[in-house]
Amino acid sequence: MRKLLSTTVAGGAAALALVALAAAPAAAGTADSQFDVVFPGQKPQTTYYVENTGNVSGGVTGKSVVSWGIIDDQVVDNSKRFTSFKITTRIEERLTKTSGDHVVTSKTCDLTKLVNDNYSWFAVDPANTCVAPSAVYDGGLWWSTDATIVYDIEGDGKGAVTQETLGSPLIHG
């Protein structure tokens, strides 16, 4: 009788675990974007990559990782490239899958010194990662992480440029 009872309890626990997994929301989603920046003079053209990740782990978290590399290895002019390079990472919610986004939390990170001091950067490091404050998860809403980069190229006379990135896939359930 004791063996039958423990087998039944173990089987019931396994069934409950499967039900919980089936009902769990999509835990994370990532989207990648890239854009090129052409500098005046002999500064090297550079491609910038942004990875936006939304995650549900207790609450909703969102981060953006920026990496970059020069297109041509021959650097003639290694002077300052940006007067400003900032990324704003946002955690957004929607009432329905197709409704508009509402920003729940956001954070702006200044990467100007990092991008000016390094022609290439492909490490995932706190220095090139912008993390928005976490939000309380509501499974009835649709969640994503999005980012915008605003940069101003040194010496081009054009002022600030805004670069939108792809938001992470929606998380719901």
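1. Between them, Gly58 adopts a positive phi near 85° in the E2–E3 hairpin, where one residue separates the strands. Strands here are DSSP runs of at least two E residues, and helices are runs of at least four H or I residues, numbered from the N terminus.

2. Before going on, please note that this is a predicted model, with pLDDT of at least 70 needed for local features and 80 or more for side-chain atom pairs, while totals for chains, interfaces and linings use all residues. Numbering runs from 1 along each chain as its sequence is written, and side-chain values use heavy atoms, without hydrogens and water.

3. E2 and E3 are antiparallel, with 12 bridges; pairing requires at least two DSSP bridges between strands. E3 is also joined to E6 (residues 129-135) by five bridges, again antiparallel, and Ser64 sits opposite Cys130 of E6. Of the 12 residues in E3, 10 are buried (under 20% relative accessible area; exposed is over 50%, partly exposed in between; 1.4 Å probe, protein chains only).

4. The largest nonpolar core contains 20 residues, and Phe82 and Tyr151 are among those with the most contacts inside it. E7 (142-153) gives the largest share, four residues. Such a core joins buried Ala, Val, Leu, Ile, Met, Phe, Trp, Tyr and Cys residues through side-chain atoms within 4.5 Å.

5. Asp32 lies in E1 (residues 28-37) and counts as exposed because its relative accessibility is 54%. Its C-alpha is 6.5 Å from that of Asn52, 20 residues away along the chain.
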